[in-house]
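Please find below a short note on the structure shown here.

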Amino acid sequence: MERIIHVEITEEMDRMPVKELLHRLLGLSARQVSRLKFRPDGILVDGTRVSVRHILQAGQRLSLSLEPEARGSDHLKPLEGVPDIRYEDEDMLVINKPAGMVVHPSHGHYDDSLANLLVYHYGRQGQHLVVRPVGRLDKDTSGLLIIAKNAVAAASFDRQRRDGRLHRLYLALADGTPVPDSGQICAPIGRREDSLILRQVRKDGEPAVTDYQVLSSGSRCCLVRLLLHTGRTHQIRVHMAYIGHPLAGDPFYGTEHSFGMTRTALHSWQITCCQPVTGERLSFSCDMPEDMKRLAENLIALGDS
């Protein structure tokens with residue numbers, strides 16, 4: 001499906017070369033710009049084809065014609081079902097991923113991933129979508145996830161992650177209650193030497209920063225809000241275990257089935273980002289699923305009864 005992007009040239013963009021706008025404002029890679037250059041209607045200003053050296057003027061309209069996806073993710077086996085899409089436009093969608101579903105096909109989950117579900121959903125509409133998740137959610141983590149629908153959107157979200165315009169807040173249920181009840185965990189994370197999957201805090205690891213805030217607590221468990229400043233594998237789970245408060249039900253870094261949770265009690269709650277083409281600020285939220293709600297009510301709101 002062809003996507004045509006229109007950019008109204010503002011005073012701030014006046015006298016800016018097309019190439020600079022494509023790289024600096026839209027975040028396109030050299031390869032993406034090269035593909036636009038060789039399309040007959042790839043780069044137009046007020047309907048006229050121009051080179052990337054063209055100097056833009058305020059009031060003009062830049063139009064970009066993106067190359068249609070050749071075959072999308074059609075090689076994946078479609079998974080029949082209805083995805084819980086919370087927002088969608090021409091460039092992005094925000095989906096509520098259920099706990100227990102992997103995002104991409106992997107060992108043991110070749111045909112029941114979120115990607116398989118989206119292939120089925122868009123295939124019914126005659127569309128070819130390359131499934132490009134922005135960030136990642138573990139299999140047991142529920143909640144919101146952004147999917148970029150084209151290469152320009154994917155480049156924009158990557159840039160937003162790096163410059164801090166993309167924020168993701170999580171809710172988790174943890175063993176005990178941290179003291180103090182808010183703070184920042186700065187502890188590098190690396191792979192455990194005895195595992196290909198597990199991570200740990202280690203001096204030679206990658207920098208990792210997590211903010212936490214306890215929202216409510218009982219004598220045995222607390223509800224905590226978490227903000228990631230970095231995106232290391234298992235970051236929240238490793239950091240919370242590191243400070244002595246592993247997540248409920250975490251089989252890797254805590255105790256499996258703790259507090260009756262049959263999965264790690266982690267939920268992607270809120271996402272704030274910019275629409276990748278227009279720059280409009282967008283915010284989305286999604287309530288905790290029933291298993292986490294029940295635990296919060298039983299162990300926190302009702303005083304651990």
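The points below cover the basis of the model, a sheet, a helix and the aromatic pairs.

1. Basis. The model is predicted; local features need pLDDT of at least 70 and side-chain atom pairs count only at pLDDT 80 or more, whereas totals for chains, interfaces and linings use all residues. Residues are numbered from 1 along each chain as its sequence is written, and side-chain values use heavy atoms, with hydrogens and water left out.

2. The sheet. Four strands form an open, antiparallel sheet in the order β1-β4-β2-β3. Strands are DSSP runs of E of at least two residues, helices are runs of H or I of at least four, and both are numbered from the N terminus; two strands pair if DSSP finds at least two bridges between them. At the edges stand β1 (3-8) and β3 (48-49), each of which pairs on one side only. Strands β2 (residues 43-45) and β4 (residues 61-66) run antiparallel and are joined by three bridges. Within β4, Ser63 is the bridge partner of Leu44.

3. Helix α1. Residues 18-25 form helix α1, which lies across β2 and β4 and runs at about 65 degrees to β4. Axes here are lines fitted to C-alpha atoms, for helices over the stretch in contact (heavy atoms within 4.5 Å), and angles run from 0 to 180 degrees between N-to-C directions.

4. Helix α3. Nine of the ten residues of helix α3 (residues 114-123) are buried, where buried means under 20% relative accessible area, exposed over 50% and partly exposed in between (1.4 Å probe, protein chains only). Among the buried residues are Leu117, Leu118, Tyr120 and His121. Their cover includes β5 (85-88), β6 (92-97) and β8 (142-148). At the N-terminal end, Ser113 caps α3, with a side-chain oxygen 3.3 Å from the backbone nitrogen of Ala115.

5. Aromatic pairs. Which rings pair? Rings of Phe, Tyr and Trp (its six-membered ring) pair if their centres lie within 6.5 Å; planes under 30 degrees apart count as stacked, over 60 as edge-to-face and the rest as tilted. The count comes to two aromatic pairs. The Tyr87 and Phe284 pair is tilted, because the ring centres are 5.1 Å apart and the planes stand at 45 degrees. This pair links distant parts of the chain, with Tyr87 in strand β5 and Phe284 in strand β16 (residues 281-285), 197 residues apart. Tyr87 is partly exposed at 24% relative accessible area, whereas Phe284 is buried at 11%.

6. The edge-to-face pair. Phe252 and Tyr253 pair edge-to-face, at 6.2 Å centre to centre and 90 degrees between the planes. Phe252 counts as partly exposed because its relative accessibility is 39%, and Tyr253 counts as buried because its value is 14%.

Technical notes: Polar contact = N/O pair within 3.5 Å; in protein donor to acceptor, adjacent residues only side chain to side chain.
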